[in-house]
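Welcome, and thanks for taking a look with me. Here are my notes, in numbered points, to read alongside the picture.

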Amino acid sequence: MRRRAGRCRLTANAALAKGLLTLSGLGGRLEGASLSGSAELRLTGPQRFRSKLTLDGFDLASLARLAPDYRPPVRVAGTARLEISAEGPLDAGAVSASG
């Protein structure tokens, strides 16, 4: 699967087996930064999900191109590495996340 949206390009492998939807090999570029990750979603029984994303080499100056309501109030520069993990049930108000 390949998807292009603005300055983002993503690729991933999707598989469905025994009620488990798996996205593996998630990769791409976002504003020049490397994006990678994986995700799982249980479609039967208790619907739970698990995901992990890494964004490496993100240019903080690109935040200046966001819509005015979302721009940082000050000029920022440098690069960042973000690692985000989240998991939990889809039908509950609680999700466990770390990053």
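1. Start with glycine 28: its bridge partner in S4 is leucine 35. Nine bridges join S3 to S4, and the two strands run antiparallel. Please keep in mind that this is a predicted model.

2. Follow the chain around the turn between these strands. S3 and S4 form a hairpin with two residues between the strands, and glutamate 31 takes a positive phi near 55 degrees there. S4 itself covers residues 33–42 and has the highest mean pLDDT among the elements of the chain, at 94.

3. Now look at the other partner of S3. Strand S2, residues 8–17, pairs with S3 in the antiparallel sense, over nine bridges. To find your place in this pairing, take arginine 9, whose bridge partner in S3 is arginine 29.

4. What makes up the nonpolar surface patch of about 250 Å²? Leu16, Leu21 and Leu43 do. Of these residues, leucine 21 is found in S3, the strand of residues 20–30. Is leucine 21 buried, partly exposed or exposed? Its relative accessibility is 31%, so it counts as partly exposed.

5. Stepping back to the chain as a whole, you will find seven strands and zero helices. Read from the N terminus on, the elements run β-β-β-β-β-β-β. Of the contacts in the chain with a separation of 6 or more, 30% are between residues 24 or more positions apart.

6. The chain has 99 residues, and 16% of them count as buried. Its accessible surface comes to about 7,200 Å², with 55% of that belonging to carbon and sulfur atoms.

7. Finally, a friendly caution about confidence. The mean pLDDT of the chain is 86, and 85% of the residues reach 70 or more. Where is the lowest mean pLDDT among the elements? It belongs to strand S1, residues 2–5, with a value of 45. Over residues 1–5 pLDDT stays under 50, and for this stretch the model has 12 contacts beyond four places in sequence.

Conventions
Residues numbered from 1 in each chain as written. Predicted model: local features only at pLDDT ≥ 70, side-chain atom pairs only at ≥ 80, totals over all residues. Heavy atoms only, no water. pLDDT = per-residue confidence, 0-100. Helix = DSSP H or I, 4+ residues; strand = E, 2+ residues; numbered from the N terminus. Contact = heavy atoms within 4.5 Å. Patch = residues over 30% accessible without salt bridge, like charges linked within 9 Å, V, L, I, M, F, W, Y side chains within 5 Å. Areas by Shrake-Rupley, 256 points an atom, 1.4 Å probe, with all protein chains shown as cover. Salt bridge = Lys/Arg side-chain N within 4 Å of Asp/Glu carboxyl O. Buried < 20%, exposed > 50% of the residue type's maximum accessible area, 1.4 Å probe, protein only. Pairing = 2+ DSSP bridges.
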